[in-house]
Amino acid sequence: MDAAEEISKAEEFSDKNASKIHERIVKRQQLLAEGAERRKEARQKQTVAGERSEVFLEAFNAERAGLEQLLSGCLGAERTAVTRDLEEAAAKMAELQKLLNDSMMFLNQYEIRVAQSALQKLQASLSESREQAMPKKKFNFRSRSKAAEKNSAPPPAAPPAVTEADGAAAASQQPDFSHISDQLLEKTSEEIQSRDVLLTHLTNCKVRLYGSPSTLHLKHLHGCEVLCGPVATSVFVDHCTNSVLAFPCQQLRTHNTSDTQVYLHVTSRAIIEDCRGVGFAPFSWSYPTLDQDFSSSGLDPNRNNWSQVDDFNWLAAGTPSPNWTVIPEADRKTTWDP
């Protein structure tokens with residue numbers, strides 16, 4: 001090989017190296033530019049989320065203050081005015097719940113917990129105001145003639161009273177259904193709308209709750225089937241066995257429950273504790289006014305985290321809890337008629 005050929009090949013090799021170096025430089029510049037653009041977008045999203053959070057908190061706090069003022073005005077007011085104000089307060093509660101549900105995607109967990117706590121306090125105030133203004137009538141036996149009393153059979157023994165073990169809800173309200181066996185039990189929308197509903201000590205009963213209650217408490221149920229319309233805030237399940245439950249809600253908390261199926265629509269995450277054999281499937285019950293009740297509750301019908309379950313007794317990361325399962329599609333209940 002002569003000197004000229006060697007020089008030519010050296011120049012060619014040098015040109016190739018220079019080209020590769022140039023390509024690497026261009027590629028690195030592109031990667032740096034893309035990285036800078038991603039960081040810029042992330043900062044913009046964070047800024048937008050922060051701005052949305054500020055707007056939410058301002059609106060939420062303003063509506064909450066107005067609702068608190070409305071409820072405080074119920075004290076000592078005449079019955080007609082109180083009834084009107086309580087209806088308005090219930091509607092505002094539903095709007096406030098919907099505002100929170102629609103804003104969860106850009107709020108942090110602390111902001112969500114604070115808002116949920118505020119809503120629970122408002123709901124308690126609403127329930128207290130309603131109870132003070134419109135207390136439930138106590139059942140009284142009609143007076144009977146002496147002859148009728150002589151010919152009548154002795155009255156049946158009264159059912160056992162609800163004990164402290166039934167929880168705070170039972171202590172603050174009368175049960176809607178309690179100590180009943182082998183019956184079909186129903187409540188209409190007018191009876192439960194925006195109310196706290198309590199079912200306790202039921203055995204082999206089928207329960208249908210049409211409407212949108214504020215909260216739902218299920219305690220000491222055995223062999224029951226309970227179907228409920230959209231619950232604006234939380235459902236609390238405690239000491240239930242061999243039952244089938246179906247409801248939409250914002251939050252579900254289940255304690256001391258076993259061998260029970262839950263057909264669930266939930267916009268946050270379900271929580272279980274001290275449970276075993278609990279199965280979950282998506283909510284599938286339907287009735288004519290379900291869409292209307294979803295709207296009243298403020299729940300998002302398109303947001304369902306039914307299979308996102310946190311077990312407080314199972315902290316092994318990466319290993320599924322043995323206390324709950326997803327019900328296989330072939331085993332899911334599809335017929336709900338009584």
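**Aromatic rings across the chain**

In this predicted model, residues 24 or more positions apart account for 41% of those contacts in the chain that have a separation of 6 or more. The chain contains 7 helices and 13 strands, and of its 338 residues 38% count as buried.

A pair of aromatic rings is described by the distance of the centres and the angle of the planes. Searching the whole structure gives 6 aromatic pairs, and one of them joins Tyr210 and Trp285 in a tilted arrangement, 5.5 Å centre to centre with 50 degrees between the planes. This pair links distant parts of the chain, since Tyr210 sits in the loop between β4 (206-209) and β5 (215-222), while Trp285 sits in the loop between β11 (276-282) and α7 (290-297), 75 residues apart. Tyr210 is partly exposed, at a relative accessible area of 26%, whereas Trp285 is buried, at 6%.

Another pair, formed by Tyr263 and Trp336, is edge-to-face, with 5.1 Å from centre to centre and 85 degrees between the planes. Because Tyr263 lies in strand β9 (residues 258-266) and Trp336 in the segment after β13 (324-326), the pair ties together parts that are 73 residues apart in sequence. Tyr263 is buried, with a relative accessible area of 1%, and Trp336 is buried as well, with 7%.

Tyr210, Trp285 and Tyr287 make up one aromatic cluster, and Lys333 lies over the face of Trp336, at 5.6 Å from the ring centre. Lys187 lies over the face of Phe177, at 5.2 Å from the ring centre.

Technical notes: Residues numbered from 1 in each chain as written. Predicted model: local features only at pLDDT ≥ 70, side-chain atom pairs only at ≥ 80, totals over all residues. Heavy atoms only, no water. Helix = DSSP H or I, 4+ residues; strand = E, 2+ residues; numbered from the N terminus. Buried < 20%, exposed > 50% of the residue type's maximum accessible area, 1.4 Å probe, protein only. Contact = heavy atoms within 4.5 Å. Phe/Tyr/Trp six-rings, centres within 6.5 Å; stacked < 30°, edge-to-face > 60°. Lys NZ or Arg CZ within 6 Å of the ring centre and 35° of its normal.
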